[in-house]
Every structure is written in C-alpha cells, then in structure tokens.
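My entries follow in the order in which I checked them.

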Amino acid sequence: KNENYNKSLIFPLKNIKIENNIMVNGDDLIKELEFLKGKNLLFINQKSIESQINRFDFISSFKVNKIYPQTLKIIIFEKKPIAIYSEDKKFYFISEDGDFINYVNSNHYKNLPIVFGKSEKFNTLYKNLININFPISEIKSYHYFKIGRWDINLRNKRTIKLPKENYVEALNNFSLIKDDRSFNNYSIFDYRIKDQLILN
C-alpha cells in the first residue's frame, strides 16, 4: 500500500520528454524527475518540479506541457554563455545576465573569449560593447587590471589598451580606424592617456 500510495489510476505519468536542451543532459534531468512517474498528470505543475530543475545551473527557465493521457514534455530555456572566466586555475562560464555557470568542455562554446581579472566589472564592459555594435566575435580575451581598466585582445593579435575613464569613446575610435589600411602594421592601440592614441 505504501508503495502505491502516490500512484494514480487516472492519467498516470509514464513518459517524460526533454526538449530544446543543448548543454543540459536530458537523461540526467529525467532521472531527477523519476519521482513524478505514476502521479496524476493533471496535478503536476511547474512548482512541483522546480527544485529538481534548478539543480542544473545551465537552465534559465522551463515550460511544462502535458500530453494526455501519460506524457509530460519539459521545454528547456538555457542560459547563454558569452565568455569563460578564469580564476585560481578554475573556469566558469559567464552568461548574458552575469550568472556564473560551472564550466564543461563543449564544442558548442569552445571559441568563447576568456576573462582574466575582476569578473564583476565584465558585464558592464560587455553591455557597452554590444551598445556600440563592437564585433564581439573578434575578441579573444579580456584582461582587467586592479587600477580599474581593461585590455582587449583580438583574434588578429591586436591589443586595445583602454583608459580607466570614458573607455567607450576609445572603443568607438578603434571601430572607426580598425579597417583602415594605414593602421595595418600596428598591433597595439593604446588609449590610456586622455585624448591620445599611441600606436605600436
């Protein structure tokens, strides 16, 4: 009797399907939700499975669809990593919203830039880059310095040395000149001194 106490004769859940997942292992998630099987499909809702799903740090949100008479379909919405953060020889993904996600090897995100330094400052920099339509895909790494400024290393081996203040102006200037042939021989664009650009 105890074993069958939570079993339902009406719309008992038999199948769980996971959709729209890339990084989240569907089989692992189904194992976490095994306790639902046999329960009445009518009474299963998002709140009843939220704690199990929240154990997967790649999941941003999810939607539950019931397919009567016996199937539960869970549609996953994953966090989108925008960079890899390195600290004390450990790595984490940083999402668009600034969340930390445990790092796993993935071909899907293998070309993300790496962030070195203070991660709390990164999201502000990233949003500013998006706002000015900076070519994010060309960035190889970000380096934050304790004095409060950033270096941005590009995949074409160029380095942009940003000032502590008003660095958006420097980024805009670089965007204007980066494709100019007269700058082809320079690999360092140093904006650290106000109103000056030093090339090397």
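I looked up the cores first. The largest nonpolar core has 28 residues, and those with the most contacts inside it are F122, L129, F134, Y142, I152 and L162. I take a nonpolar core as a set of buried Ala, Val, Leu, Ile, Met, Phe, Trp, Tyr and Cys residues joined through side-chain atoms within 4.5 Å. Buried is under 20% relative accessible area, exposed over 50%, and partly exposed in between (1.4 Å probe, protein chains only).

I note that this is a predicted model, in which local features need pLDDT of at least 70 and side-chain atom pairs count only at pLDDT 80 or more, while totals for chains, interfaces and linings use all residues. Residues are numbered from 1 along each chain as its sequence is written, and side-chain values use heavy atoms, with hydrogens and water left out.

Two or more residues of this core come from each of β4 (81-87), α3 (122-131), β8 (139-145), β9 (149-154) and α4 (167-177). With five residues, α4 gives the most. Helices (H or I, at least four residues) and strands (E, at least two) are DSSP runs, numbered from the N terminus.

I then listed the contacts (heavy atoms within 4.5 Å) of L129. Leaving aside neighbours within four places in sequence, L129 touches F134, I136, I139, Y142, I152 and L171. Another core, of 25 residues, lies apart from the one above and includes I16, L29, F56 and I101.

Next I checked α3. Its buried residues are F122, N123, L125, Y126 and L129. Among the elements covering them are β5 (90-95), β7 (114-116) and α4. After α3 comes N133, with a positive phi near 60 degrees.

I turned to the sheet. Three strands form an open sheet in the order β1-β3-β2, with mixed pairing; two strands pair if DSSP finds at least two bridges between them. The edge strands, β1 (15-19) and β2 (59-67), each pair on one side only. Eight bridges join β2 to β3 (residues 71-78), and the two run antiparallel. K66 stands opposite L72 in β3.

Last, I looked up D190, in strand β11 (residues 188-190). D190 is buried, with a relative accessible area of 10%. Its side chain makes a polar contact with that of R192 (2.7 Å). A polar contact is a pair of N or O atoms within 3.5 Å; within protein, one must be able to donate a hydrogen and the other to accept it, and residues adjacent in sequence count only if both atoms are side-chain atoms.
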